[in-house]
Amino acid sequence: MDLTLRNPELDNEDGACWTCLSHKRKCDRMLPKCRACHERGVKCSGYGVRISWPKDIWAPKQQRRHKQRASGSLAQGSLPADAVRLDRHALPSSISTLTLPTTESFYMQHFLRNIARIALAIDHDDNGYRSLLPMALTEPCVLNAALAVAASHHSRWQRIPDTMSRKYLRAACKAVRDRFTDPRLIKSPATLAAMLLLVSYEVFSGSSRWKGHHTAIRGWIQGRRDCSDIDSFLKNWVCLIDTQNALNLGTSTIPELEEWMGAASSDRGYTVDALFGCSARLPRLMAAASRLYVASKQAEISEDWVRSQAESLQTRIRSTRLQDNSQIMIGLSCNDTPQEFSVTVGVDREELRRRAGATAEIFRHAAHIYVHRIAHAPMEALTPETQDSLETALQLLTQVPDALGPGANLGWCLVVLGAELDIAEQREYINSRWDGLHLLGIDNTRNGQKILDEVWNHRDLVRRGFATPERWQDTMQRIGQSQILV
């Protein structure tokens, strides 16, 4: 019997929704449902991976029992019940090109097709999340961590009970623990990749338990010392988590990351960091801003010193401005090898480039406002330059109209900008942007909205004389929110 297995995944190279594909219509690939279906008043079947189960390796009895179910499709990416109930001691009914059983293959395809697309600012050919696949297929700790992220996200996206992710999460945590007791494995890049995926699992779920994994990563980096062999995407991933932790919670950054983030050069044109969504030179300055924020809270540091350092930092942030007619490239802060844009989402190349530029500038203006607030009281009026940054950033938000592509990573910016707003219409607009981000199924955006709602409530009380001013970071910690906001 020939057991050579064809690829069970149904062909959909254009990434169109299944409704448009079946009717041979042009699809705009909007998330979570396409506009083409909405305007026609028909149900959009979504973009989830659909699999045609190979029948030639099923037992005859199984064929008869599941004939009717197998002829169906995975509507909106939902997994058929019979795929979950397979006997794991028997030959899997379908083994994908990933050499995984059907359930695991489904979730890994969801990770590669959907999570990899929305978990970073700009999807591109060298997407680092997809580059984890070879490692996942050889390292159980990485595989189970990725499956946990995918199963949890899929349940939120489809609004169905999560019955699978905890199993993968337990397996991943056990595998990581075992690696920490094995001198041969503890320093492997796979250990770092698994811990980063565990952070993502908690962040995407809106949980604060990510901090324990971040602490482990911090110790792993400092214990390993030489990280020259670590992939630049993994380094960038660490930098994003650590920088957000420091900016939001006022904690110190990992010292080793300063050198990592210095890789991006200004002599190769304007490079947008594909993971952050800002200029590839800005994360290093954001880390410097977080260190200044920590220093400003120390009693022995004078206000004059803080303001002097803040102005120096503002000058460096200005240097990252996107100049008119700049050729925008994609890259990473930890890698000095930018590349041309590659279109992998339903947006025209030049439109994607324009959105990426607008998003990078929104980050820059948000960084200006963040640094300004380090040196000035929370309710103190903005300087003309900082007020201009606020107004310009709000205008630029209209150039990134949805959460597709660069707009997916604007959570931190929405908090920084929103914390300065008192006009009801502007607050309503920011809330509409949160609603768009919620559609991605990544629940840290809901935490961001809760933080900003409390910031606004507190600002209103201050203006009425019922409370004392406080920074949004203090509000965040007062209500027990400890979250990464991008």
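## Overall make-up

The protein has 20 helices and 3 strands. The model is predicted. Of its 486 residues, 56% count as buried. The accessible surface comes to about 21,600 Å², and carbon and sulfur atoms account for 49% of that surface.

Contacts can also be sorted by how far apart the two residues are along the sequence. Among contacts between residues at least 6 apart, 70% join residues at least 24 apart.

## The nonpolar cores

The largest nonpolar core has 139 residues. Within this core, M108, F111, W237, W412 and W472 have the most contacts. The helix that gives the most to the core is α15, residues 349-375, with 13 residues. A second, separate core has 8 residues, and A16, C27, C37 and C44 are among them.

Leaving aside residues up to four places away in sequence, F111 touches A116, Y129, L132, A146, V149, A150 and L197.

Strand β1, residues 270-273, pairs with β2 in the parallel sense over 4 bridges. One of the bridge pairs joins Y270 to I328 in β2. On the other pairing, β2 and strand β3, residues 335-339, run in the antiparallel sense over 2 bridges. Here L332 has N335 in β3 as its bridge partner. β2 and β3 form a hairpin, with 2 residues between them.

## A buried asparagine

N248 lies in helix α11, which spans residues 232-249. N248 has a relative accessible area of 0%, so this residue counts as buried. Which polar atoms does the side chain of N248 meet at W412 and Q483? The side chain of N248 makes a polar contact with the side chain of W412, at 3.3 Å. A polar atom of the N248 side chain also lies 3.1 Å from the backbone oxygen of Q483.

The residues that N248 touches, not counting those up to four places away in sequence, are W412, W472, Q473, M476, Q477, Q483, I484 and L485.

How many disulfides does the model contain? The count comes to 0 disulfides. C27 is in no disulfide, and the nearest cysteine sulfur, that of C34, is 4.0 Å away. C27 is buried because its relative accessible area is 7%, and buried means under 20%. C141 is also buried, at 2% relative accessibility.

D28 sits in the loop between α1 (18-22) and α2 (35-40). Is D28 buried or partly exposed? At 22% relative accessibility, D28 counts as partly exposed. The side chain of D28 reaches the backbone nitrogen of R35 at 3.2 Å. D28 and A16 are 12 residues apart along the chain, and their C-alpha atoms are separated by 7.4 Å. A16 is one of the residues in the second core, which also includes C27.

Conventions: Residues are numbered from 1 along each chain as its sequence is written. This is a predicted model: local features need pLDDT of at least 70, side-chain atom pairs count only at pLDDT 80 or more; totals for chains, interfaces and linings use all residues. Side-chain values use heavy atoms; hydrogens and water are left out. Buried means under 20% relative accessible area, exposed over 50%, partly exposed in between (1.4 Å probe, protein chains only). Contact means heavy atoms within 4.5 Å. Accessible areas come from the Shrake-Rupley method with a 1.4 Å probe; for residues, only the protein chains shown count as cover. A polar contact is a pair of N or O atoms within 3.5 Å; within protein, one must be able to donate a hydrogen and the other to accept it, and residues adjacent in sequence count only if both atoms are side-chain atoms. A disulfide is a pair of cysteine sulfur atoms within 2.5 Å. A nonpolar core is a set of buried Ala, Val, Leu, Ile, Met, Phe, Trp, Tyr and Cys residues joined through side-chain atoms within 4.5 Å. Two strands pair if DSSP finds at least two bridges between them.
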